[in-house]
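Here are a few notes on how the two chains meet. Have a look at the model first, then read on.

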Amino acid sequence: MRGKIPPHDTIPKTTMSTLTKNPETACATRVQFVTPRANFHHDANGYTLEVELPGVSKDGVEITVDDGQLAIIGHRSGAPSQGRGLHNERQAADFRRVFDLDPSIDTTNIAAGIEQGLLTVKLHKAETAKPRKITVS
Amino acid sequence: MSILRYQTPELTAWSPYDRLSSLRGFLDSAFHLANYRPENGPAWAPALDVLEDDEKVTIVLDAAGLKSEDFDLSLQDGDLTISGERKQEEDSQKGESFRSERFFGRFSRTITLPSPVKAEAVQASYKDGVLTVTLPKAEEAKPKKITVGLN
């Protein structure tokens with residue numbers, strides 16, 4: 001990839017930083033998250049990130065960009081189904097996943113949409129980082 | 001019919017029943033192999049919950065990124081089969097892929113219902129990537145209160 005650093009997960013690092021930022025509350029309310037499945041591909045204009053967040057509506061998605069990291073949190077909506085559980089495989093916790101961003105990504109130009117629990121985030125490359133052809137004069 | 005369970009090999013925490021689950025995984029893979037057809041491609045199985053109360057049985061299935069017409073539900077001999085297909089979009093094939101954790105292709109889950117249901121009153125809805133199937137219980141399966149006479 002011609003010297004580019006592909007974005008990758010840094011979940012342990014970020015978990016540690018959130019713990020050290022506010023250790024008291026971190027210990028008092030231990031929030032558990034589920035890591036959602038994601039697909040990540042790259043083309044000339046930038047990156048497309050697809051994250052599976054079943055049970056998360058448009059209002060339940062929180063996307064933050066901070067310090068070169070893209071954090072996605074998905075809060076599950078909807079009332080818990082009534083009745084006693086006979087069989088349980090689904091997890092009730094909210095989703096969270098953090099990605100390190102390629103420095104060439106224009107963080108002011110990030111578009112996201114969610115449809116049937118599938119979050120699509122379009123990350124565009126900064127104009128200066130796009131491949132250019134230079135003609136010799 | 002597939003008895004394949006929900007699978008997230010690398011994302012779940014270590015289970016205390018690790019040995020048991022590896023035995024189960026072995027048995028599942030043996031059945032899976034018997035059920036395998038090349039045209040079906042690699043199978044996947046979405047996670048589901050089965051809930052029951054006095055009036056109905058509810059099945060909740062997590063499957064993000066499908067369309068409601070992609071699901072196929074059938075009820076036969078007290079077994080509910082939910083099958084469907086998640087299609088891969090054309091444009092995601094383009095470019096270079098860094099991470100490919102999502103499953104595509106066909107899936108099928110079969111649940112043996114805990115009680116008889118009214119087949120004509122079954123309802124299904126798909127919202128925010130969650131399929132909810134509500135199966136009202138048949139009259140004979142609902143609990144009845146019997147008052148004991150005093151004399």
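Which residue of strand 5 of chain B does A:H41 stand opposite? The answer is B:S97.

A word on conventions: this is a predicted model, where local features need pLDDT of at least 70, side-chain atom pairs count only at pLDDT 80 or more, and totals for chains, interfaces and linings use all residues. Residues are numbered from 1 along each chain as its sequence is written, with chains lettered from A and ligands numbered from 1 in the order in which they are written.

1. Strand 2 (residues 38–43) of chain A runs antiparallel to strand 5 of chain B, with 4 bridges. Strands here are DSSP runs (E, at least two residues), numbered from the N terminus, and two of them pair if DSSP finds at least two bridges between them.

2. Strand 2 of chain A also pairs with strand 3 (residues 46–52) of chain A, again antiparallel, over 6 bridges. Here A:D43 has A:G46 as its bridge partner.

3. Put together, you get an open, antiparallel sheet of 5 strands in the order 8(A)-9(A)-3(A)-2(A)-5(B). Its edges are strand 8 (105–115) of chain A and strand 5 of chain B, each pairing on one side only.
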